[in-house]
Amino acid sequence: MDPKAAQVQALFADQTDGQLTQGSAAQIHSLANAPVTLPSDPVHRALDSNGLPPVERTMAYNDTQYTPSAQEAATGAYSAQKPQQTPTRPAQQAAPPTVQQPVAQPPVNSAPAQPTQTKKSNRKAPHTQTVPTLVTAPGEQNPSQVAVPQAPAPETQTAPVPETTASANRGALTTNGITDEELQQQNLPPLRGPWVRVQREQRVISPREEAETQLQTLESGYSPWMGGTGLINYRSGSLGYDHLSTMEAPFEVSTPMGYNARLTVVAKPVFLDSGQADGTSVLTVQEATTSGTCLVTISQPLGTAINTGPQGSASACNTTGTTTTFSTPPQQNAAGVGGEVQLAFPHLALAAGYTPYGFLVSNVTGRAQWRPENGPFTFSFVREPVKDTQLSYGGLRDPGSASLSYPGTIWGGVIANQGNVQYARGDAQSGFYLGVGGQYLTGYNVQDNVRLDGSGGAYWRIRTLPEYGNLSVGVNFFGMHYTHNQEAFTFGMGGYFSPQEYFLANIPFTWAAHYQTRWHYEILGGIGVQAFQQDKTPLYPLAAQKALEVSLNNAELPALTSVGPNYNLRATVSYQISPHWFAGGFLSANNSRNYAAVSAGFSIHYMFRAQPSNVTSPTGLFPSDGFRPFTVP
């Protein structure tokens, strides 16, 4: 293609590329298309009335008729005015004659030019292949057909735009600030060219950008947050006794204090419901008389009330007590609001709180955890309620001492004061741990108790999938010992699982994974075997109820040994809704005591600082109990 044809093609592209030249917004002219001769077309020049070639005028292409495309009309994607480049032309300069060459085959999109006749000859000029253009003179309409000059433009005129340059600028920003690539990403056709979806290579992050992202993650980790959690916990058991449904809705506000401390305030509304005894719950006790000892099945006592069902109480050895006069205990439920204030440092965390105010028995709670110099030793102290049953958590009233004017004596509300030290070495790939601890348990009108425990185990990361997550497995051993068996619901008992010997061996596993950058989840579980032994213990352990125990033929809880499978499963998930919001949920199930428990809940948290969306962190997996993390998890 010679320079003249390139000039014509560039002018045509400039007129039809969806842009307006300056001045056309004020006045848009609708003119007929003018034929433009191609360099390869055979053209016989038309003569004027004197038989001379007409004088050609140099056209100024400063106004253009704009015809929006169908897509632009539908989406309103009109281009704004393009700044006009006013060419400097020499005065009265005429373009030289156009040199034309014959072609064998005309272009497909060409149209025949209008025939021109002269006075000296009736012979018609041959048809020329023309390209339709939209050309107008400034300030007036000109319906005549004007041939575009083919002579090279003077140095003072605007240079033609090469085709390669026009093609290269197709992906550049137009004056409306959007590119064809951005339109395709928005599922819209481009303004120019075909709509072809191209699979583009993933953008490679430079070391500088990666360092900036890590710095942003570190800074955003010190963000304040507030959030709430709703959870429900269910444990199996007999209605009115060890059955328990718990609903909690903790709400928290956390703020950093510089870069070395974090203050968190947690409010925890709690509702407990153990149901109402229906008289069907029974208990096997061992009675002793002068004739010997034997096992007797009786209606399970509650407090000092022994006629709680048709079974009644045994009157003598080798007999089963029956009664037609019994009274079932009332509905057992409680509600209250507790709270806790936590102050966390990089290697030390402290907390003080209160069990739900509104329970029959309320206690002061506390926590402390210290890891000196981030070393292998961790020391912890926890003072918290035992949440096995409503009796151990919030306390009950004794229906046996109730009257019309007195609702009954309160007992229960067990609090555990626990100390523990753990030694752990390892990293994310492998490690081991050893720990020992003890508890001193006390309650209101409840026999005191002591617990000793120990644990040990190891773990290994066996599989890492960068696009999904990593899998770790290990081995775990745990054992504990209680001085007294406090499992019953008689007055003086705490109503919690307290075997004299307990041993657990299981294989835990952890699958920590993600889906893209917004979803993060963890699945923690374990399967193994557990065994426990309970010693014989008096049914009424306090001295004040000694006479009642004698009336029941010195009834005692018999010794018991149990061996069975153990399972534990917990799944948590988090989704980053936006840079400031995280939503999560969890589900857990286990039988790590002598009962089965299931928990489920959800959470929502708002971050005051925008959080990046990364594969590693933040994950948004906030704990629902215990110490809150020092930084955004």
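Visitor: How many salt bridges does a search of the whole structure find?

Guide: The search finds 11 salt bridges. Keep in mind that the model is a predicted one.

Visitor: Okay, which residue does Lys-268 meet in a salt bridge?

Guide: The side chain of Lys-268 meets that of Asp-625, at 3.7 Å from N to O.

Visitor: And where do those two lie?

Guide: Lys-268 is in strand β8, residues 262-275, and Asp-625 is in the segment after β26 (597-607).

Visitor: Is Lys-268 buried or exposed?

Guide: Lys-268 is buried, with a relative accessible area of 16%. Buried means under 20%. Asp-625 has 39% and is partly exposed.

Visitor: What about Glu-340, which side chain does it meet?

Guide: Glu-340 forms a salt bridge with Arg-367, at 2.9 Å from N to O. Glu-340 lies in strand β11 (residues 332-344) and Arg-367 in strand β13 (residues 364-370), so this pair ties together parts 27 residues apart in sequence.

Visitor: Are they buried or exposed?

Guide: Both Glu-340 and Arg-367 are buried. For Arg-367 the relative accessible area is 15%.

Visitor: Which residues are linked in a network of salt bridges?

Guide: The network links Lys-268, Glu-340, Arg-367, Glu-384, Lys-387 and Asp-625.

Visitor: New topic. Which residues form the nonpolar patch on the surface?

Guide: The patch is formed by Trp-460, Ile-462, Val-475, Phe-477, Phe-503, Ile-507 and Ile-527. Together they have about 690 Å² of accessible area.

Visitor: Which elements give two or more residues to it?

Guide: Those elements are β18 (446-465), β19 (469-482) and β20 (501-515).

Visitor: And where is Trp-460 found?

Guide: Trp-460 is found in strand β18. With a relative accessible area of 41%, Trp-460 is partly exposed.

Notes: Residues numbered from 1 in each chain as written. Predicted model: local features only at pLDDT ≥ 70, side-chain atom pairs only at ≥ 80, totals over all residues. Heavy atoms only, no water. Patch = residues over 30% accessible without salt bridge, like charges linked within 9 Å, V, L, I, M, F, W, Y side chains within 5 Å. Areas by Shrake-Rupley, 256 points an atom, 1.4 Å probe, with all protein chains shown as cover. Salt bridge = Lys/Arg side-chain N within 4 Å of Asp/Glu carboxyl O. Helix = DSSP H or I, 4+ residues; strand = E, 2+ residues; numbered from the N terminus. Buried < 20%, exposed > 50% of the residue type's maximum accessible area, 1.4 Å probe, protein only.
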